[in-house]
Amino acid sequence: MPLPPVAYLLVTHGSRDPRSPWMARQLAERVQYCLQASTAAPLWVETASLELADVPLHQRIQQLGDRLCCHGGTVLQIVPLFLLPGVHVRDDIPAEVAIAQAHLPTLDVQICAYLGSHPHMGQLLQRSFDPRVGSRVLVSHGSRRDGGNVPIEAIAAQLGALPAYWSVAPSLEQQVEQLLSTGTQAIAILPYFLFAGGITDAIAQQVHDLAQRHPTIQFSMAEPLGATAEVAHLVAQLSDRPAPDRYVSC
């Protein structure tokens, strides 16, 4: 008797930039490859976005859930591809899952821990920095919520980097100026974003402008995380890490 399929839905924020959905699909393929190595059951790994999608997230979950049930599946895992535990992770995704679950009474729809909470994220980021450059800046989107940037500060401390934010202070320019005041001659910058997009393009332009303004300083900028095999490995492991209760309650 064939085993029932197991389904995973990788949820991104959503973007008008065409690179984002394309990279999400590439990552889903790599995640499926990672997961398939540990099970004989049919695996479905698909993508969805919370915003700027053709249908609301709860409807996308229902569509996949209905198809899963028709093939005898009983579990659908929602994997939030978010790097910070902001309002989308804490409130919006659980709310969408609750709406979908009400229409899928025979299916167990589970929310996994968000990507940025993986305990090996710092190790992955460490490999993105040039070990010869001691002055580092980790640039994240940032959050205005109380305590929302604590995870970034913790990762930055682990990396020996200063945290900078796109939406709140301290900015990249402020942190670069602080490093320059100490006499540093080389600065490595890592954008803490999943995929390339408008914000990472703008950060790259800022780095270019800073380099023009300080021609004697060596600036280097790494790429966002991307749809790499290493990231796929972390995402695959999230299926074994359920979200804390405070993320699941609506």
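Q: How many cavities of 30 Å³ or more does the structure hold?
A: This predicted model holds one cavity of 30 Å³ or more.

Q: How is empty space inside a structure found in the first place?
A: A probe the size of a water molecule is rolled over the atoms, and this shows where empty space is left.

Q: Which residues line the largest cavity?
A: The lining is made up of Tyr8, Leu10, Val31, Leu35, Val79, Val235, Ala236 and Ser239. By class, seven of these lining residues are nonpolar and one is polar, with no charged residues.

Q: At what angle do the axes of H1 and H8 cross?
A: The axes of H1 (residues 19-36) and H8 (residues 229-237) cross at roughly 60 degrees and come within 8 Å. Angles of 65 to 115 degrees count as roughly perpendicular and those under 35 as roughly parallel, and the two helices are therefore oblique to each other.

Q: Is the crossing of H1 and H8 left-handed or right-handed?
A: H1 passes H8 in a right-handed crossing.

Q: Which residues make the contact between H1 and H8?
A: From H1 come Leu27, Arg30, Val31, Cys34 and Leu35. H8 contributes Ala229, Val231, Ala232, His233, Val235 and Ala236. Sorted by class, the contact of H1 with H8 has nine nonpolar residues, one polar and one charged. Val31, Leu35, Val235 and Ala236 take part in this contact and also line the largest cavity.

Note on methods. Residues numbered from 1 in each chain as written. Predicted model: local features only at pLDDT ≥ 70, side-chain atom pairs only at ≥ 80, totals over all residues. Heavy atoms only, no water. Axes fitted to C-alpha atoms, helices over the stretch in contact; angles between N-to-C directions. Helix = DSSP H or I, 4+ residues; strand = E, 2+ residues; numbered from the N terminus. Parallel < 35°, antiparallel > 145°, perpendicular 65-115°, else oblique. Left-handed = near helix turned anticlockwise from the far one by under 90°. Contact = heavy atoms within 4.5 Å. Nonpolar A, V, L, I, M, F, W, Y, C, P; charged D, E, K, R; others polar. 1 Å grid on protein atoms, 1.4 Å probe; cavity = no way out; pocket = protein on both sides within 12 Å on 5 of 7 lines; lining within 4 Å. Points joined across faces, edges and corners; volume = space filled by probe spheres on them.
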